[in-house]
2 protein chains.
Amino acid sequence: MDIKAYLEQKRELIDKALKKHFLESKEELLKRLKESMKYSLFAGGKRLRPILCIAGAEAVGGSSEDVLSVACALEFIHTYSLIHDDLPAMDDDDMRRGLPTNHKVFGEAMALLAGDGLLTDAFYIMTKQGCKNPERLIRVINLIAEAAGSNGMVGGQAVDIESEGMDVDISTLEFIHCHKTGALIKASVTSGAILAGAKEHEIKAISNYGINIGLAFQIADDILNVIGDPKLLGKSVGSDIEKQKITYPSILGLDKSKQIQEELVKKAISFLNIFDSKADPLREIAKYIIERKK
Amino acid sequence: MDIKAYLEQKRELIDKALKKHFLESKEELLKRLKESMKYSLFAGGKRLRPILCIAGAEAVGGSSEDVLSVACALEFIHTYSLIHDDLPAMDDDDMRRGLPTNHKVFGEAMALLAGDGLLTDAFYIMTKQGCKNPERLIRVINLIAEAAGSNGMVGGQAVDIESEGMDVDISTLEFIHCHKTGALIKASVTSGAILAGAKEHEIKAISNYGINIGLAFQIADDILNVIGDPKLLGKSVGSDIEKQKITYPSILGLDKSKQIQEELVKKAISFLNIFDSKADPLREIAKYIIERKK
């Protein structure tokens, strides 16, 4: 299959759905908040999490339509996490995807609120249209909230911030990566499968796939921060070294880090053995995750 | 009825449930994040929103147990909003409920993340135990997310921040109050009624009650900031004047503001005419809201 065409096609589908689901308001007073939210939501993201949600549904015979509102909600949550992560009190980043970060354009207060709004609106979007199967939707909301919350993504960010400048070991770094990035990636692909009516052993397999590509994705990010092309990445390279951030390459070196990400991708794909060709997008996405240039 | 005893009894019930629902973690790495979240969650809040949720359920024949996890989630969301609102980029407050604000104790990054964690975990708590009636729960999640999101509380905060130092009119101020404070109060009492199986006309009546007490509550807050006792409030008085915040008293004066809040409470109670004595707690809470000293 042509994974690039697949990703492009789904990205367009999601961008259209994001525009549809974005909570517009005729209220003039809310104009700047909404602008701030849209600025980051439509800043050229890869839409990896929504695509994984759709591909997770497709792997078990479902379709995009079954999961599109949850897929959009996942991108809302991802975008909020980037806005808050870039704030001066956090990573203090000036550039993101080739553009000034949200607080550089709208100020700190509005960036904080844009993040809060996107996170909260995500749960509105998920529940707006009701659901053919409300039990499944409740399970998915629970899964996503757990992955994004204090025992998931927020927890990973907290440990990441606390570890800055400290000499952390590889197990702490794995904790950070798996929580900060891996948890929502795992929840994205798994929620697609659940909504599409996957059986429990299929959900388990897809969840294991998600855990492994989640960690591989963040190691790939670490590697791109060393050897990536700043033009393609849309942000400066070497910022991890500058900030003395502990990463896989900084602890284990580039070669060993590359080897680990390749093993994780192999392992992820092996969990898909129970599925037929409908899981090919998931297989190809796993490879793409470590081959991408941005 | 003895409203003080009622509020005290429910407050104890909610505090116990909050401890039960709080997402503990054995992970040593998450210790500081969890401490930060608990610091604000158990800082002596009035638990008004969860109590309204319970009283809303009781008014239509439901019980505390039907709504306790959603009631706790509402307090999580309220607490997150206070933590973020106190941040230097926002209201920059040092004291809250007689204690240093979250960022004063845990630093800005951790306070930001504690808020993010509480907001996200709220949606985990609501969906953890499943629900006898999943359709009702989905409707309630949607209602709460809308009330707390960019067209609700976050929207109100955005306009509030943008209006600081500006000469806003009473309609903008009403917008801020109804969104920043009123929306979640309305959603709290309404979600209790929905979960307890209220009929549509009952939901409408309780929602109207909520809109009116929500605005009355914030006007009462404005008034307390002028004439309240700092010892009882746990924060300094006069901070609105100092920050040149536009409030009901600053635009309309104290007497007119008091008159408006009394009219709102009367109007709120009139919407409860279709209910019997089971709605007495709601009637008494409406009066308490403008008589409270903190």
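This is a predicted model: local features need pLDDT of at least 70, side-chain atom pairs count only at pLDDT 80 or more; totals for chains, interfaces and linings use all residues.
## Helix 9 of chain B

Helix 9 of chain B is mostly covered, with 21 of its 26 residues buried.

Another glycine, B:Gly197, follows helix 9 of chain B and has a positive phi, near 85°.

## Relation between the two chains

Chain B is superposed on chain A by a rotation of 180° with 0.0 Å of shift along the axis, and the RMSD is 0.0 Å. The two copies are therefore related as by a two-fold rotation axis. Among the residues of chain B, B:Pro134 comes closest to this rotation axis, its C-alpha lying at 2.9 Å.

## The interface

In the contact between the chains, 49 residues of chain B meet 49 residues of chain A. On the side of chain B that touches chain A, at least two residues each are supplied by helix 2 (31–41), helix 6 (108–128), helix 7 (134–148), helix 8 (153–163) and helix 9. Helix 6 of chain B gives the most to this side, with 14 residues. By residue class, the side of chain B that touches chain A divides into 27 nonpolar, 13 polar and nine charged residues.

Of the interface residues of chain B, 100% are also interface residues in chain A, so the copies meet through the same surface.

## Overall form of chain A

Chain A has 15 helices and two strands. Along the principal axes, the C-alpha atoms of chain A fill a box of roughly 50 × 50 × 35 Å. A compact globule of 294 residues would have a radius of gyration near 19 Å, and the 18 Å of chain A agrees with this.

Buried residues make up 56% of the 294 residues in chain A. Among contacts in chain A with a separation of 6 or more, 74% are between residues 24 or more positions apart.

A:Ile269 is found in helix 14 of chain A, which covers residues 254–270. This residue counts as partly exposed because it has 19 C-beta neighbours inside 10 Å, while a buried residue needs 20 or more. Leaving aside neighbours within four places in sequence, A:Ile269 is in contact with A:Arg283 and A:Ala286. A:Glu284 is 15 residues from A:Ile269 in sequence, and the two are 8.9 Å apart in space, C-alpha to C-alpha.

A:Val105 is placed in helix 5 of chain A, residues 102–106. With 14 C-beta neighbours inside 10 Å, A:Val105 also counts as partly exposed; the class of exposed residues begins at 12 or fewer. Not counting residues up to four places away in sequence, A:Val105 touches A:Tyr39 and A:Pro100. A:Met90 lies 15 residues from A:Val105 along the chain, and their C-alpha atoms are separated by 17 Å.

Key. Residues are numbered from 1 along each chain as its sequence is written. Chains are lettered from A and ligands numbered from 1 in the order in which they are written. Copies are superposed by least squares on the C-alpha atoms of residues with pLDDT of at least 70 in both. Two residues are in contact if their C-beta atoms, placed from the backbone, lie within 7 Å. Helices (H or I, at least four residues) and strands (E, at least two) are DSSP runs, numbered from the N terminus. The radius of gyration is taken over C-alpha atoms; the globule rule is 2.2 Å times the number of residues to the power 0.38. Ala, Val, Leu, Ile, Met, Phe, Trp, Tyr, Cys and Pro count as nonpolar, Asp, Glu, Lys and Arg as charged, and the others, Gly among them, as polar.
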